[in-house]
Amino acid sequence: MAQFQEVSKLSSQHPKPPGLVLQYGTAGFRSNAKHLDHAMFRTGLLATLRSKKTKATIGVMVTASHNPEEDNGVKLIDPMGNMVTAEWEGYATQLVNAEQDDLLIVLKDIIEKETVNMSQEANVFVGKDTRSSSVSLSQAVLDGVLALSGHSKDYGLVTTPQLHYMVCCQNTQGKYGEPTVEGYYRKLCQLLYSIVSLCVCVSLFVCFFFFFFFSSVQHAIHSFLPLHLSVDGANGIGALKLHEMESHVKSELQISVFNDGSKGKLNYECGADFVKMQQKPPTGMEMSPGERCCSYDGDADRIVYYYTDSEGQFHLLDGDKIATLISTFLKELLTQVGLDLKIAVVQTAYANGSSTRYLEDTMKVIVRCTKTGVKHLHHAAQEFDIGVYFEANGHGTVLFSEVAEEKIQLLTQDPNTNDERKRAAQLLQNTINVINQTVGDAISDMLLIEAILAIKGMTVQQWDAIYTDLPNRQLKVKVADRRVIDTTDAERRAVSPAGLQEAIDSLVKKYKLARSFVRPSGTEDVVRVYAEAETQESADALAHEVSLAVYRLAGGVGDEPKPLH
Ligand SMILES: CC(=O)N[C@H]1[C@@H](OP(=O)(O)O)O[C@H](CO)[C@@H](O)[C@@H]1O
Ligand SMILES: [Mg+2]
């Protein structure tokens with residue numbers, strides 16, 4: 001067929017290095033950018049097939065998120081803006097690893113297995129981050145789409161969640177929003193205006209009573225707006241997009257952007273991953289004591305907040321604290337509107353033990369633990385009326401079931417609802433709209449958090465004080481083959497190699513309030529070790545001892561892990 005001749009022709013311009021094997025991992029393909037040209041072209045081919053199969057627009061995002069500048073990667077976005085299914089992840093791995101001469105055989109095999117109608121039209125949206133390699137790599141994706149006569153739309157520089165949003169808007173015929181970057185800002189920011197204005201109405205109402213005691217109403221509003229926030233853009237796409245969004249929110253939210261890419265290197269000593277892992281502020285950020293700050297990652301799908309206190313002590317408010325703030329807010333609103341909706345928080349094994357305890361024992365919400373990787377959390381969250389999911393590293397969002405959205409919508413229109421209930425229903429409605437339900441989104445999460453803090457009149461210190469994190473430590477161990485470690489119970493227990501779990505169990509027993517687990521990373525060639533305990537010294541010592549156990553029992557390479565102190 002002529003169609004396949006074009007594939008042969010164009011694929012020879014994007015040849016596969018013989019013998020190279022890549023795996024569609026936790027977040028798509030990731031590697032040094034030099035190894036990815038063929039993977040991009042072939043992901044373009046697969047996205048076209050997926051589009052024909054689903055009769056919908058598919059997204060392809062070129063990014064390696066928080067990884068170093070030299071790396072790159074690619075992920076596929078399904079019609080509703082979700083991650084692609086596990087089955088198609090498998091096809092992606094097969095197609096990308098086919099040696100040059102076998103490419104057509106593997107391609108035709110997928111077409112046959114999935115009974116793809118090749119005369120069906122195909123549409124693929126493509127986006128990229130700010131890495132210098134992203135320019136040619138996204139062109140390789142576009143070539144792949146072209147090779148199978150698919151239509152493509154190149155969104156150029158966008159955040160990962162923006163591309164997820166575009167795909168969802170396109171496939172819901174605009175019901176989710178307008179599939180443009182401007183449409184995205186309008187949707188998200190308008191809601192900040194209405195959330196804030198609802199709040200101002202309440203402030204005005206309160207001020208009316210206190211008018212004669214305290215100076216003026218105007219003063220109260222001015223002290224409320226605009227909000228101030230310092231953002232570390234990780235020298236990536238998020239910084240660029242914040243500048244773009246500025247004009248939409250400048251009277252409600254003043255953002256000072258640091259690490260905006262004008263001089264520093266992407267993700268280097270900055271960004272959400274650096275801040276979370278190192279538990280310290282990014283370089284290049286000016287912070288005054290008590291000031292609210294946050295960091296995005298390299299493709300702006302993660303966010304963490306932090307501040308330093310008057311003694312210079314650093315305080316991190318990670319994904320767990322964000323999930324707690326958002327679920328508290330939603331639960332309070334549900335009580336006010338009197339709706340009996342099932343709300344749950346979904347976490348991974350990396351969630352701080354204090355957060356899980358607080359959510360279950362004090363807030364009395366259902367907590368679920370899944371494997372690492374947003375796709376797992378997303379699926380679990382879909383089982384509830386309202387599913388709040390966050391990885392501890394700040395990647396997360398909230399999902400509302402259709403039933404929940406309908407019930408809330410009805411309440412906002414019900415003439416028999418009293419003012420207080422109506423206001424709460426309206427806030428819930430606005431919250432639904434400000435949230436990017438397709439995937440974790442640093443910009444959307446930031447706007448929601450800012451609105452919640454304003455509505456609740458809460459400082460970052462008060463938010464931080466909801467519970468106290470258990471001291472914790474994450475380490476990496478190099479082993480010859482990390483696949484020798486197999487886990488169960490949402491990655492909290494190791495079933496192989498023999499003796500490893502027993503060794504961890506006996507080490508954990510030595511410390512108070514301790515917990516530790518190990519798992520092979522899905523994005524890096526390392527085994528990750530997590531430990532938490534009553535004191536930082538204990539968490540550090542436990543993490544080191546568990547690292548040694550991994551090194552000895554799972555084939556460690558290089559030098560033995562050294563103690564932290
Ligand atoms: C401990 C940790 O933060 N792991 C991260 C990291 O996965 P690993 O499989 O642990 O390498 O990258 C994933 C993709 O960004 C993210 O979803 C996940 O939370
Ligand atoms: Mg990311």
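Leu513 is found in the loop between α18 and β18 (515-520), where helices (H or I, at least four residues) and strands (E, at least two) are DSSP runs numbered from the N terminus. The phi angle of Leu513 is near 50 degrees, a positive value in a residue other than glycine. At 49% relative accessibility, Leu513 counts as partly exposed, a class that lies between buried (under 20% relative accessible area) and exposed (over 50%), with a 1.4 Å probe and protein chains only. The structure is a predicted model, in which local features need pLDDT of at least 70 and side-chain atom pairs count only at pLDDT 80 or more, while totals for chains, interfaces and linings use all residues. Residues are numbered from 1 along each chain as its sequence is written, chains are lettered from A and ligands numbered from 1 in the order in which they are written, and side-chain values use heavy atoms, with hydrogens and water left out.

A positive phi near 50 degrees also belongs to Gln279, again a residue other than glycine. Gln279 has its place in the loop between α10 and β8 (293-296), and with a relative accessible area of 29% this residue is partly exposed. A further backbone feature is the cis peptide bond that joins Ser496 and Pro497, with omega at about 0 degrees. Pro497 sits in the loop between β17 (493-496) and α18 (500-508).

Helix α10 (residues 272-278) contains Asp273, which is partly exposed, with a relative accessible area of 22%. When neighbours within four places in sequence are left aside, Asp273 is in contact with His66 and Arg302, contact meaning heavy atoms within 4.5 Å. Asp273 and Ala392, although 119 residues apart in sequence, are 10 Å apart in space, taken from C-alpha to C-alpha.

In the protein there are 19 helices and 19 strands. UniProt, in an unreviewed entry, lists residues 51-89 and 119-167 for "domain: Alpha-D-phosphohexomutase alpha/beta/alpha"; its positions are given in the numbering used here, feature names are shortened, and annotations may be inferred rather than shown by experiment. Residues 51-89 are 21% helix and 33% strand, with end C-alpha atoms 14 Å apart, whereas residues 119-167 are 45% helix and 27% strand, with end C-alpha atoms 22 Å apart. For "domain: Alpha-D-phosphohexomutase C-terminal", UniProt lists residues 476-547, likewise in an unreviewed entry. Over residues 476-547 the chain is 29% helix and 29% strand, and the end C-alpha atoms lie 8 Å apart.

Along the principal axes, the C-alpha atoms fill a box of roughly 85 × 60 × 45 Å. Buried residues make up 59% of the 565 residues, and among contacts with a separation of 6 or more, 70% are between residues 24 or more positions apart.
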